[in-house]
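Visitor: Hi! I'm new to this one. Could you walk me through it?
Guide: Happy to. Let's bring it up and start with a single residue.

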Amino acid sequence: MNEKFKTLIVNDCERKISKLCVEAEKHGLGLHVVGACESMNQAEGALHIYDPEMIIVGVDSAGSGLEFAQKLARDGFDGMLFFYGTCVELEIVCSALPRSGCAFVHSEDDDRAIEKIKHFAGFLAHNKRMRRAVDSIFLGAPQITKAYFSRLLAGDDSEYLRLQIGVLGINPPSAGCVIYGKTINPLNTEHAEKCFAKLSEALDGDSFGDFWRDCFITVTSEKDEHALKNLIKPTVDEIAAAGGEFIIGISEFSPEKHSLKEAVKAAKKLVGDNVFMSSCGVYTDSENAVVHSGKCRRLVGDALKLIGEHYSEKISAEWAARQLFVSSSHLMHEFKKSLGSTFNDCLKKYRIMRAKELLSSGNYRVNEVARAVGFSDARYFGMVFKGETGISPGEFIKQSQESSV
């Protein structure tokens with residue numbers, strides 16, 4: 001037997017229990033004597049000092065044995081308890097006690113005593129392994145849920161991971177809303193953390209999800225997306241007032257509408273579609289994905305959608321106007337009127353936002369990122385990037401790497 005059990009000896013007046021433990025060790029039963037008490041009264045303090053898994057106590061009466069067992073139960077001891085002596089009435093006491101880990105060992109029959117210890121040591125070893133298995137599952141629970149939501153974000157609802165979180169007692173509701181939040185600047189991760197904490201507190205246990213470095217997902221059974229928007233908006237407005245950049249998308253799911261996987265995708269898309277329009281905002285399924293605070297007209301919304309779909313190409317206000325069958329002057333007028341900005345400013349902001357995402361991933365060179373977001377000249381891209389962020393692309397990569405350590 002490889003297991004070792006911390007054993008406490010109590011009231012061993014004639015050293016018989018110590019000799020029994022030595023004999024048990026010879027049989028490989030894994031007893032490891034960690035301490036000894038001269039009396040039962042000393043055992044209470046010894047429990048906190050030694051934290052034993054097995055106690056062998058010398059007793060001379062059934063009454064004292066029962067009193068000691070009850071005292072141990074009050075102190076929270078849940079290991080094995082062996083009564084050692086000649087009072088056979090203690091066998092009756094052991095069978096009457098509600099706890100199963102209790103036995104009488106006759107001091108005049110060491111062979112039988114060894115057999116009993118062997119039996120209960122095996123029982124204790126099994127329980128110990130089970131506790132370790134359960135502990136390992138729950139210690140791994142955050143990793144399992146994070147893996148599950150990572151797969152959802154990637155567009156894959158893993159049945160295996162869903163079963164695992166079900167074993168942990170985490171069961172997504174059949175209908176409700178997905179809330180996806182993302183910090184626009186990956187270096188300011190406190191925005192996502194703050195919003196996630198406030199949201200979890202407000203939903204008061206009616207949600208589960210996960211938090212990453214600069215984004216989070218929350219799934220709730222609350223089906224009213226407008227109520228959720230009203231719940232979240234004060235926090236997002238607070239972040240905006242402090243100069244923060246944070247966007248939230250809310251998408252409903254139900255057996256009749258979206259699956260959970262589709263709702264995650266939709267919430268994430270809401271954030272992606274709106275992230276370049278404002279530093280902060282909360283957007284829902286039922287609203288136009290490109291309408292910000294009711295200020296943007298349909299024409300401007302369609303133009304912004306074109307930016308989101310074609311930002312990596314060589315596009316301009318004139319090109320967008322042709323796609324929308326309006327004059328470029330009319331489109332530019334509507335941009336200024338609705339957003340207080342120009343088409344080219346929105347295009348630049350969106351490209352830099354996408355560039356930040358690629359640079360912070362650490363998987364691309366600066367010239368590769370420049371081409372991916374629509375800049376043919378890496379040097380010009382660096383100038384535009386620094387003009388928008390205050391730092392060069394190289395400095396941004398360095399800061400991003402340092403913040404992720």
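Visitor: What stands opposite Leu8?
Guide: Ile55, in strand S3, stands opposite Leu8. Strands here are DSSP runs of E, at least two residues long, and helices are runs of H or I, at least four, numbered from the N terminus. This is a predicted model, where local features need pLDDT of at least 70, side-chain atom pairs count only at pLDDT 80 or more, and totals for chains, interfaces and linings use all residues. Residues are numbered from 1 along each chain as its sequence is written, and side-chain values use heavy atoms, leaving out hydrogens and water.

Visitor: How many bridges join S1 to S3?
Guide: There are 4, between residues 5-10 of S1 and 54-58 of S3, and the two run parallel. Two strands pair if DSSP finds at least two bridges between them.

Visitor: And what order do the strands of the sheet take?
Guide: The order is S2-S1-S3-S4-S5, in an open sheet of 5 strands with parallel pairing. S2 (31-37) and S5 (102-106) each have a single partner strand, so one side of each lacks a neighbour in the sheet.

Visitor: Which strands does helix H3 lie across?
Guide: Helix H3 (residues 62-74) lies across S1, S3 and S4, at about 160° to S4. Angles run from 0 to 180 degrees between N-to-C directions, with axes fitted to C-alpha atoms, for helices over the stretch in contact (heavy atoms within 4.5 Å).

Visitor: New topic: is Cys177 buried or exposed?
Guide: Cys177 is buried, because its relative accessibility is 0%, and buried means under 20% relative accessible area, with exposed over 50% and partly exposed in between (1.4 Å probe, protein chains only). Cys346 is buried too, at 6%.
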